[in-house]
There are 2 protein chains.
Amino acid sequence: MRETDVIIVGGSAAGATAAITARRHYPEKEVLVVRQEKQVPIPCGIPYVFGTLGSAAKNIIPDAMLEKEGIKIVVETVKALDPPKQMVSTTAGEIGYERLILATGSLPVRLPVAGAEKDGAFPIFKDIAHLEALQKRIQTATHVVVIGGGFIGIEFADEIQKLGGKTVTVLEIAPHCLSLAYDEEFCVEMEEMLKSRGVNIRTNVKVVEIAGDKQVQAVRLSDGTSIPAEVVIFGIGAVPNIEIAKTAGLKLGPTGAIAVDRAMRTSCEHIFACGDCAEKVSFFGGRPSPLRLASIATLEARIAGANLYDIRREHDGTVGVWSTAIGNLAMATAGLTETTARQNGYNCVAVIVEGPNRHPGGMPGGASTKLKLVFEKNTGVLLGGQVRGNESAGEIINIVSACIQKRMTAEDIAMFQTGTHPALTASPIAYHLVNAAEIAIARMRAVKQPNDTERQ
Amino acid sequence: MRETDVIIVGGSAAGATAAITARRHYPEKEVLVVRQEKQVPIPCGIPYVFGTLGSAAKNIIPDAMLEKEGIKIVVETVKALDPPKQMVSTTAGEIGYERLILATGSLPVRLPVAGAEKDGAFPIFKDIAHLEALQKRIQTATHVVVIGGGFIGIEFADEIQKLGGKTVTVLEIAPHCLSLAYDEEFCVEMEEMLKSRGVNIRTNVKVVEIAGDKQVQAVRLSDGTSIPAEVVIFGIGAVPNIEIAKTAGLKLGPTGAIAVDRAMRTSCEHIFACGDCAEKVSFFGGRPSPLRLASIATLEARIAGANLYDIRREHDGTVGVWSTAIGNLAMATAGLTETTARQNGYNCVAVIVEGPNRHPGGMPGGASTKLKLVFEKNTGVLLGGQVRGNESAGEIINIVSACIQKRMTAEDIAMFQTGTHPALTASPIAYHLVNAAEIAIARMRAVKQPNDTERQ
């Protein structure tokens, strides 16, 4: 039987980061990544395979990133796990370990309707052969339907419309696309952008059947209408891949993922879990969080990897920070939206500011940036933020995230020392984050009706 | 005699922001901006008047920004200030006040060498007529020399070379341009960029004379050589404009600016000062800080404006956060460089990480981003950061700044919850900020020689 110090099962965002972290924190330990894919797709890059990048081969997590840290990689499928013996069984034999990290990810789901298994209906597997098969089918299709208007759904739709000559339709059961991540005024902007690029958007619709013979021919909706489709893509989420853990007797959590404590330890000594396969709790209130993102997975991996032999880190709960981009329109969100904050019982002050991302606005690259901040009304603590802008929106949201994680108040943010530059950012007089905080402070001080949003 | 509640003297970044803040914090008070310029140039935008924007008229702080907050503006020059009578005298008469904020800015300096007053030698006044005169002279010049290789100097040089047909030379007394703001490895990159665009850079040089008859003809250096020049621009800094304050008997501070406490109050009750005219202390150690930036001015203005009738805010000291851009190369800095940190007695761990700002790197807009973080070795507290990248560098530095201001440690940053996106940011596995923090942690834990920089 082979022996090593640390085994990581899974080589995607969580597995790779856990391995790197383990090596950095315990450089004397041997770290082995066991994964079933020869090459691992970058999970967030998958939609871009179909348009911008052109092939799945251009969207690979480089092994060099692991190899330069002295991490070993074997391509084997783990069949079983024996916690008392501290041993995994793979397609190539058994391997003993001191510590184990499960980073087995998630599996995409099909909509539970008639016809969902038909040829031409594709969940989004993070697997190169699968993605290549999907790409081949898309190339010859003239009608593509994407079920689910979350960020994966809209990114797929936009990338496929870039190929030209196809009718692409997004179906969303909620009143708006992206509505779990953004308040309505942001969702509407993104929907308009998608429409202007030729993507059809149907919201408030329920799919009742994937119609066709063997092959998909149409998607039938509850209102009796049908949309022709040779390819149907399910962008409706994923379920944790917990088979090995469950069979080995590890406890599962309330959402069906592997139960972990704040140190990312499972119910079994010596075994940690991180990423899509692990349970998550929200930074806000501590209840289970349904979010599954690569950036969440990598944080959990940095916790798990650092805690293997000593407990060095504990998770404060998932803030939820992510961004998306369609054309030159980038949108990003962190923490709670105004809607979700109110649903969770918070009394909020929400402020929207909008202005140029350059000063003067006539500088090259000048575009309007819109920022919304949501504060708890009594304490002034920042609960969330949303940004619509261009490239920089992807980093502005990380400033917002830093503020949320350190539970900064509107007053803290109003006192922010920012760097600004004519060619790169908004003006220091009207820097969005500070400006929104100042307006929120004025509103929190004023005796006004609570719970209304002010736009400046 | 006219009467008002709050007078702000000066209408640039500090004055405008102080006025807006005063109105937001004390909406029942009347706020009057008294300024001498009919139109106020955006200070940071001034270099861009000469190339990118093409005219000073395109670089104006819009009065609408003040007017929509209900702020009054008069264009008058303040001649004197009478603190006991709470009154200012202007070119148009006297105005009484309850509270006064001095935001009188700074005045650019000429190099104290022979010939510095010659026709053709220009300090950079924040004044439209002056800028238009300079622009006219530049248009007909074939040799332009910029004295001073700080960010203003290099931005001027690059904008002037954009006009074409001119020899543009930057003279810097230190071994490198930008060396007060960046460690050498960053300075060198910027110098290479400038050279590749046709700007001549002469470092380690001392100017001894501006030669010529009435008009500037050349700049003579201490090594005996001369550089031809019809226009010489002094980009060597500015001194606080404190004449009114001094005459009125307000105390001055150690650098000759108006002395203020942490609430931005001057030695005289009811009078506040902010921006370039006010003394500054460093966030690091609390000694006087020589930095004068619009973004510092606006923070001070938000403190002064909020404190007019109650003390609501205190200054933690100047972190120093700023950025610059030449072509598609953006550089940004916050807090202490490794060099200045060591000069100030800190035992540092400095880490440099470099990698693509997209994932995969082949996504459009992909470029290399370099980040350096400097931590205090014993506590892990972040002391400073420098970024070289593209547009987003201007916001990445604001994440760094947030971390510095909240005295976050490498461990805090390693636990950062970031948002990432293929089209907008680095990968979540190798997000620069987190990656640099993790490397620093490993180095702080390891028993190694202190005080050396590790590059990854």
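These questions and answers walk through a predicted model.

Student: What rotation superposes chain B on chain A?
Tutor: The superposition has an RMSD of 0.0 Å, with 0.0 Å of shift along the axis. That is the relation of a two-fold axis. The rotation is 180°.

Student: Why do the copies meet through the same surface?
Tutor: Take the interface residues of chain B and look for them in the interface of chain A. The copies meet through the same surface because the share also found in chain A is 100%.

Student: How many residues has the largest nonpolar core?
Tutor: Residues of both chains are among those with the most contacts inside it, including Val232(A) and Val232(B). Cys274(A) is another of them. The core has 316 residues.

Student: What span should helix 7 of chain A have?
Tutor: The helix has 13 residues, at 1.5 Å a residue.

Student: Which residue is the bridge partner of Val9(B) in strand 3 of chain B?
Tutor: Strand 2 of chain B, residues 6–9, has both faces covered. Val9(B) is buried on one side with Ile7(B). Strands 2 and 3 of chain B run parallel, joined by 4 bridges. The partner in strand 3 is Val34(B).

Technical notes
Residues numbered from 1 in each chain as written. Chains lettered and ligands numbered in written order. Predicted model: local features only at pLDDT ≥ 70, side-chain atom pairs only at ≥ 80, totals over all residues. Least-squares fit on C-alpha atoms with pLDDT ≥ 70 in both. Contact = placed C-beta atoms within 7 Å. Core = buried A, V, L, I, M, F, W, Y, C linked by C-beta atoms within 7 Å. Buried ≥ 20, exposed ≤ 12 C-beta atoms within 10 Å, placed from the backbone. Helix = DSSP H or I, 4+ residues; strand = E, 2+ residues; numbered from the N terminus. Expected span 1.5 Å × (residues − 1). Pairing = 2+ DSSP bridges.
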